[in-house]
Amino acid sequence: MKVSRKLRRNKGETNLAGYVFIAPWLIGFLCLTLWPVAQSFYLSFTDYSLLDAPVWTGTSNYHNIFTNDTTFTKSLSVTFIFVLVSVPLKLFFSLMVAMALNKNVRGMNIYRTAIYFPSLIGGSIAVAALWRNMFGLDGYVNQVLSWFGIEGVGWITNPHTSLGTLILLNTWQFGSTMVIFLAGLKQVPQELYESASVDGAGRVRKFISITLPMLSPVMFFNLVLGIIGSFQTFTSAFIITKGGPINSTYMYAMFLYEKAFKHYQMGYASALAWILLVIVALLTLLNFVASRYWVFYETDGGKAK
Amino acid sequence: MNTMRFKWSNHLLLTLFSLLMLYPVIWWIGASLKKTSELGLPTIWPSTPMWSNYSSGWNFSDQYTFAHFFGNSLLMELGNVTGGVLTAAIVAYGFGRLNFKLRGFWFSILLLTMMLPGQVTVVPQYILFNKLGWVDSYIPLVLPHFFGGGAFFIFLLVQFIRGIPRDLDEAAKIDGTSVYGIFFRIILPLIKPALVTVAIFTFIWSWDDFFAQVLYISSVSKFTVGLALRMFIDQFDIKWGQLLAMSLLSIMPSAIIFLFAQKYFVEGIATTGLKG
């Protein structure tokens, strides 16, 4: 009796302590995430320019977006192409490089730093400026191509190459994905490789039967976050190409930004945001469902959680 | 992992690949010293280095030098890093060690927020900060870092804390230490390496977070380095030498931090067991 009361009191104390500790996040979540999400949902059914009170317009924002807005269709397809090409490219490169860097040899830190460096300066405006200059018509890239007798184009001013140039920039910055792969590779038990060697497995066999399955949770993590991140690409399109030429790089995030903060169509922008949310949620869900077939989770046997 | 088998050919391959990755940066260094007429030339080093690109770039605005903009950015970072590290540690201890009602539920919500596109919250957040009169101040940039520092960092620290043996807590508990005492005396000292990782990432990511800066800051006197660079780009006649020189300087703080703390990047993530 006495014990159970004491236990209960203890339980009440840790309950309180738990909420004391998570309070900063909880308050932030309620005020800066949950409330804004609800607010954004409400605003998506209104006409709101910041100056006057929001005016309820029902589903007309959505109706306009889906039936009248060619910019919506364009920016969504541009963004889909960007995601579809750059995410797999980045995953592939970062896995290959992570495998090459997963060795304990002298000087490896220098290689890692060199390869990570472009990602360090990631989405910064400095890199956007650099890229804009390098891929200009008289830019450095075309000069190098001219040595080989290739006549370059204005990479960022030509609608056929502009999106590809942004994808190249995005792929160049594969470092964060690579670091996460590297961390995953470090946790693959070496015994597995050793016993596979004893069984006479070659490098390819080891990669397919050990590395890939053991790495699949990390691969999944990178895939999900990569898709979500790519859908939100903003700075490169905003600075390097300004969405052009002829909207060939008009990313969804930029479209939304301009609707909200250039034209002050807050309701319309909120509807765009909700469409993005639904797309990302559906893709993530699809990923989770598909992951059952290819993501391999180690059973917790012997491993302390 | 076998040191003996790592041949010189692997070193050669890695060196070539590193150079390929760094090539734009190397070119950048040379380009920052070039005259505009020389920019397109494939040579890396200019015939006569224009060191004046740096001085004239530094003083390009009539009102302020880049010292002012760097000061602004560093001030913002001071708030971001302090808030992020402090509150992420507190929240992560709550999730990682304490048992409370609905813990699992709140933790799944936390993970879910990682998948929420920022665009969904940005409009109402802007409206809120606007109503509070905080637009064109650093509050909208800094304040969000004081609410746990972001889901990704909390998650990282929770994984790290779970790796610390619970026996330590139990022993302290028997000695009469409260949950708060355990946090300050046991957990906090032990998660220092992970906190360094959080601090570095917070610094670099918010330094580069152009979207938030362009959204909330409009007076030139409050411009961050990124916004100051944009002033160059918006000009009709871009002075590329100056722009590339100042751009190069703008990545220096992140680069220096990274060089000194490089090992934490991999180790910090590796020890947290991101998988599963």
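Colleague: Why does A:Y257 count as buried?

Modeller: This is a predicted model, so the values are computed from it. A:Y257 has 11% relative accessibility. Buried means under 20%, so A:Y257 counts as buried.

Colleague: What makes A:F261 buried?

Modeller: The relative accessible area of A:F261 is 11%. That is under the 20% cut-off, so A:F261 is buried.

Colleague: Why is the pair of A:W25 and A:F29 called stacked?

Modeller: Two values describe a pair of aromatic rings: the distance of the centres and the angle of the planes. For A:W25 and A:F29 the centres are 5.3 Å apart, within the 6.5 Å limit. Their planes are at 20 degrees. Under 30 degrees counts as stacked, so this pair is stacked.

Colleague: Why is the pair of A:Y257 and A:F261 called tilted?

Modeller: The ring centres of A:Y257 and A:F261 are 5.8 Å apart, and the planes are at 45 degrees. Stacked needs under 30 degrees and edge-to-face over 60.

Colleague: Where do A:Y257 and A:F261 lie?

Modeller: Both are in helix α12 (residues 252–261) of chain A, 4 residues apart, or about one turn of the helix. Ring pairs also link them into a cluster with other residues, including A:F234, B:Y126 and B:W134.

Colleague: What makes A:K259 lie over the face of A:Y268?

Modeller: A:K259 is 5.1 Å from the ring centre of A:Y268. The distance limit is 6 Å, so A:K259 meets that part of the rule.

Key. Residues numbered from 1 in each chain as written. Chains lettered and ligands numbered in written order. Predicted model: local features only at pLDDT ≥ 70, side-chain atom pairs only at ≥ 80, totals over all residues. Heavy atoms only, no water. Phe/Tyr/Trp six-rings, centres within 6.5 Å; stacked < 30°, edge-to-face > 60°. Helix = DSSP H or I, 4+ residues; strand = E, 2+ residues; numbered from the N terminus. Buried < 20%, exposed > 50% of the residue type's maximum accessible area, 1.4 Å probe, protein only. Lys NZ or Arg CZ within 6 Å of the ring centre and 35° of its normal.
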